[in-house]
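Biologist: Please take a close look at a single part of this model. Walk me through the residues there, one step at a time.

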Amino acid sequence: MVQSLRVVGGTEATYGSHPWLVSLRLKSSHFCGGAILTDRWIMTAAHCFASVSKEFLSGVRVAVGEFDRRVDDAEEQVFRVKTVSVHEKYHHALPMSHDIALVELDQHIQLGVHVQPICLPLPDEKILPQTSCIVGGWGRIKERGRQPLVLREVRLDLVDPAKCKYVLQTVKSSVLNQGPVRPQPAMTVLCAGPERGGKDACQGDSGGPLVCPAESGGGHWVALGVTSWGKGCGRSWGNNSSRPPSRRGSPGIFTDVRLLLPWIKRKLREGK
């Protein structure tokens, strides 16, 4: 089963530790995450907006400063959506290329101690495989569980790009037998999570950022990825080729923000 992503095997986050994280809601129900880029723009996953109709967007709300969904947190603010820009090359069939969208809010965010934008990586940001990154969200904490009410986070190590590409090939045989063979879209993803499974993002976490310590040091974090999808939630994937397709797993799959920086920056400029 291919899943949008959520936090599996993580812990409850500390209040204010993800000041860039937002909750996308439809009729007050959380459905995706996102990250604050500026006081007007949010980065999320394209697949969170299968519809960009006025009717759908009119029901979407974006909550910043959210932590505990049961209460109004100190700096919590809720906005309507003005526009959504989905990447023109977004391809919803797996392995889901260019899974990124930018959401323009109807008002400016009041930034504060617990509401801050996330930094974008440099185009040549070198972050080594095995770097420990963090995903936060209100997605399910197990494959068939409920969504938590309080923000959770999980640390995930980056997977070597060659290994990421290989494991995607093992997953494809079970999810890509859909119609005629098409040329494969460009690899616009990166992988994070242990081969043994047990730690992952899951349903409800889609669109939230994979944040990693910047190579340049200085203690700041960059949004290296956008949470996209995974095969199951927290399944092991090291021995996929010896399993039947339905039992295979994958690490968390994230849109590689570095590859899409020109698009992001162009959209932000156009939106000024």
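**A lysine, then the aromatic rings**

Modeller: Lys 165 lies in helix H2, which covers residues 161–175. Keep in mind that the model is predicted. Along the chain, Lys 165 and Val 189 are 24 residues apart. Their C-alpha atoms are separated by 9.0 Å.

Now the aromatic rings. A pair of such rings is described by the distance of the centres and the angle of the planes. Searching the whole structure gives four aromatic pairs. One of them joins Phe 31 and Phe 49: the ring centres are 6.4 Å apart and the planes stand at 80°, so this pair is edge-to-face. The cut-off for that label is over 60 degrees.

This pair links distant parts of the chain, 18 residues apart. Phe 31 belongs to strand E4 (residues 29–36). Phe 49 is in the loop between strand E5 (41–44) and helix H1 (54–58). Phe 31 is partly exposed, at 22% relative accessibility. Phe 49 has a relative accessible area of 4%; buried means under 20%, so Phe 49 is buried.

Phe 49 also pairs with Phe 56. Here the centres are 6.2 Å apart and the planes are at 85°, so this pair is edge-to-face. Put together, Phe 31, Phe 49 and Phe 56 make up one aromatic cluster.

How values were computed
Residues numbered from 1 in each chain as written. Predicted model: local features only at pLDDT ≥ 70, side-chain atom pairs only at ≥ 80, totals over all residues. Heavy atoms only, no water. Phe/Tyr/Trp six-rings, centres within 6.5 Å; stacked < 30°, edge-to-face > 60°. Helix = DSSP H or I, 4+ residues; strand = E, 2+ residues; numbered from the N terminus. Buried < 20%, exposed > 50% of the residue type's maximum accessible area, 1.4 Å probe, protein only.
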